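Please study the sequence and the structure before reading each solution.

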Amino acid sequence: MELDLFVRYGPALLHGFGVTVLCWIAGSIGGLVLGFAIACLYHWSGKWMRWALQVYIDAVRGSPFMIQLFILYYGGPYFGLTLDPVPAGILGFIVYGSPYFAEIFRSGFQSFPKGQLEAARSVGINEWAITRRIVLPQMLVSITAPLTNFIIILTKETAILSVVTVPELLSETQTMAAETFTYVEPFLALSLFYWFMVEFTSWLGKRVEARVTRHLKRA
Amino acid sequence: MTAGSAPANRKAGPAAMHFSFQVIFHNLPFLIDAAKWTIAISAVGMMIGMVLGVLVCAARISGPAWLRWAAGLYISFFRGVPLLVQLLLFYYMLPYVGLNLPAMVAAFTSMGMCSTAYVAEILRGSLQAIPRGQAEAAEALGIAPVALWRRILIPQALRIGLPSLVNELILLVKVSSLASVVGIGEITRVAENITGETFRPLEIYLAAAVIYLVINAILAQAGRAGERRLGIG
Amino acid sequence: MAKAKADAIITIEGLGKRYGDFQALTDITMEVRRSEVVCVIGPSGSGKSTLLRCLNFLEVYDPGEVRMDGELIGWEEGSANPRKPLSGAKLRDQRKNIGMVFQQFNLWPHFSALQNVAEALIQVKKLPVKEAHALARAALEKVNLGDRTDSYPSGLSGGQQQRVAIARAIAMEPRVMLFDEPTSALDPELVGEVLNVMKELASEGMTMVVVTHEMGFAAHVADRVAFLDEGRLVCCVPPKEIFAREPADSRVRAFLQTYRERNVV
C-alpha cells in the first residue's frame, strides 16, 4: 500500500470529511428542532392533527433513507424543489431524523410523572411555566441518553448521502479508489476511520451525558 | 459503483410538473417482483444474524477473557462502520482474497455479519433483564452451562428481546436498499432502472417507498401479534 | 448427650469469606449431623446467607474447608498455595447432592411447575422425559401441588411457587437441603404452607440447614440453632438454650429482645 496515495488525495478526503461533519451537525440540529416541533404539536393538538403527524412519522420511519434522498434530490425538481447535493443531503437528514427525535421527545413527555404536574397545577402555575420550569429541565435529563444515541447513529448514515452525489467521505474515497484502481486498502482504511469516529463520538456522548445529568439533576 | 442513475435532466420544467399515476401502474409489477429480492436479503440476513448473534453474544458474556474481547471487537466494528461501507468493503475484498463470488454473496455476507452484531447486543440487553437468581438455581441444581443457556436463558432472552428483534428485521428491510449499490436487483435498483427509462423519479420512488412501507407495516403487525401471543408488551 | 463425630454429614472448619475489604465471615467451625435440622439466625448483615451459599460453593470461601461426607466442596483436594477450584463438571457433580431453596424462589417462568421440577432430572441425571415427569409429579404431590403441575409460575401464589421450588430441589434426592430465608419474600398468610412442607421434610429425616427469621420454626423444629453475628459463629446450641431461658451470650439476648419487641402477638 502506497502512503503517497493518501497524501495525494489527502485534501479531497479531508474535504469529504468536512462535508460529512457538516451534514451530520446540520442534519442533527435541524432534525432535533423539527422533531421537537412535531412532538409539541402532537402533544397539544387534536385527533386529526395527531393522525396526520403519525402518518408522517410512520412513513418516514418505514421507508429507506436512500429512497427518501432519491425522492428529495431526483424527484424534487418535479414539485419545485431543486437543490444542490449538500443542501439536499442536509434536508434529507432533517426529514429522516425528525420522526426519531419526535418519538424520543414524545416518550419523554409521556413518561413524565403526572404527580408533579398535578402538584404544580393545584398551586396555580400556568401551563407554559410548568412546561418551561418543571417539565423541560427534567425531561432533557431523561432523554439525553436516547438523543445522543441516535445522533451517533446519524454519523453512520452520512455514508448513504453518497448515493445522491454528496461529496462526503465515502464518495471521495470511492473516487480515489476508482482513479487509482486500489479498492481494498482505501475501503479498509475508511472502515477503520468510521469505526474510530463512532467509538470516539460514543465516548464523547457518554461524557456529555454525564455532564448534563450532573448539572440538571436535582434529587 | 455509486448508485443514483440520475436522469440527465434534473432541472425539470413546468411541463413535467403533473403527477403521472399511469407510470406507477404500468411499472408496479416490476417493483413488486423486485420485492422478492428485498425480502430474501432481509430474511437471510436476519437468519444469519440470529444464529451467529446467539453465539457471539454467548462469547461476549461467558467466554474466556480473550474470546470476550474478540466478540466485543466484532460487535464494536460491525456496529461502528456504516453498513454501506461494510457492503462495499466485502464487495471489493472478496475477489482480492481469491473468492470470485457473485455480488449477491457480498450482500448476504455483509448483511448477515452486520445483523449478527446488532442481534448480539439486543440479546445481551435481554439477558441482563433476566434475574440472576434463575441462573443460580440452575447452578445449584448442577445444570451445565450449555443446558442453562439452551433451555433457560436463550428462550427467555428471545421473548424479552422480541420487540427489538422485530425492529431489527424492519431495519434490515430498509437497509436492503443499499444492496442496489452493488447491483442487486432489489426494489431500489429496479426503481432506479425504471426511472432511467421513464424519467419520472418522483412517481417511481414514491411507489417504491410505499412498497417498503407495506412490507414493514406487515412485519410490525406480525411483531405485535407475536408479542401478544407471548404475553409481553 | 454428645453425638459421635461420625454422624456429621457436613463439617465446616475455619471458614472465612471476604468481599474486598469487608470480612463477611471469620473462622466458622461447626458441623451438621445426619438428619439434623440446623437453623441459622442472626441480625441482618451477619453473614447467614453467605455462610449457606458457601456450603454449595455459590460463594467461593477462603480460607477454610467445607466437607460433605468427607468430600471437600469446591476446591481440589490436596491443592494448596494457591488452592485450585474444582472444574465445572466436578462441582456440578457435588451440587447434585445438595439441594437449595432460594428466598426469591427462582423458578423459570417459561416452564410449567412440572417442567421446572423435571428440568434438572432431564439435564443433570439424564433421565428420559417420561421418567423425569413421573418423578416430578411425585415430588409435586409431596408438596401438595399435585393438581397444579401444569400451572406456570405467574399463575401461582408465592407460597405455591416456593413449594414448587422445594419440589424441584427434593426431586434430585439430595443428601442435604439448604434453605436461604425461604419465607422472607412471602405474604404472612402464605408462610405457613411452606413451613409445613419443611416440617414434614424434617420429620422424614432430611438433613436441613435453614437460614430464617421464623423464630417459631427455629424454636420448635430445629435440632440446633446457630447464631451468627458480624460474620462470627457465636454459638450453635439446642433451641431451648436460647428460647426457653435467657441466652448466655449478650448479643443473642439483644437480638432476641428486639425480635420479641417487634413480634408480640
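**Exercise 1.** In this predicted model, are α7(B) and α8(B) roughly parallel or roughly antiparallel to each other?

*Solution.* Two packed helices are described by the angle between their axes and the distance between the axes.

Step 1. Helix α7 of chain B covers residues 187–198, and helix α8 of chain B covers residues 201–230. Their axes come within 9 Å and cross at roughly 160 degrees.

Step 2. Angles over 145 degrees count as roughly antiparallel; α7(B) and α8(B) are therefore roughly antiparallel to each other.

Step 3. The handedness of the crossing of α7(B) and α8(B) is right-handed.

**Exercise 2.** Determine which residues make the contact of α7(B) with α8(B), and describe them by class.

*Solution.* Step 1. On α7(B), the contact is made by B:I187, B:T188, B:A191, B:E192, B:I194, B:T195 and B:T198. On α8(B), the residues are B:P201, B:I204, B:Y205, B:A208, B:I211, B:Y212 and B:I215.

Step 1. Sorted by class, this contact of α7(B) with α8(B) has 10 nonpolar, three polar and one charged residues.

**Exercise 3.** Describe the interface of chain B and chain A, and state how chain A stands to chain C.

*Solution.* Step 1. Two pairs of chains touch, and the most contacts are between chains A and B. Here 44 residues of chain B are in contact with 39 residues of chain A.

Step 1. The two chains bury about 3,800 Å² between them, with 73% of this area on carbon and sulfur atoms.

Step 2. Chain A and chain C are joined by no contact, and their closest C-alpha atoms lie 27 Å apart.

Key:
Residues numbered from 1 in each chain as written. Chains lettered and ligands numbered in written order. Predicted model: local features only at pLDDT ≥ 70, side-chain atom pairs only at ≥ 80, totals over all residues. Heavy atoms only, no water. Axes fitted to C-alpha atoms, helices over the stretch in contact; angles between N-to-C directions. Helix = DSSP H or I, 4+ residues; strand = E, 2+ residues; numbered from the N terminus. Parallel < 35°, antiparallel > 145°, perpendicular 65-115°, else oblique. Left-handed = near helix turned anticlockwise from the far one by under 90°. Contact = heavy atoms within 4.5 Å. Nonpolar A, V, L, I, M, F, W, Y, C, P; charged D, E, K, R; others polar. Buried area = accessible area lost by both parts, 1.4 Å probe.
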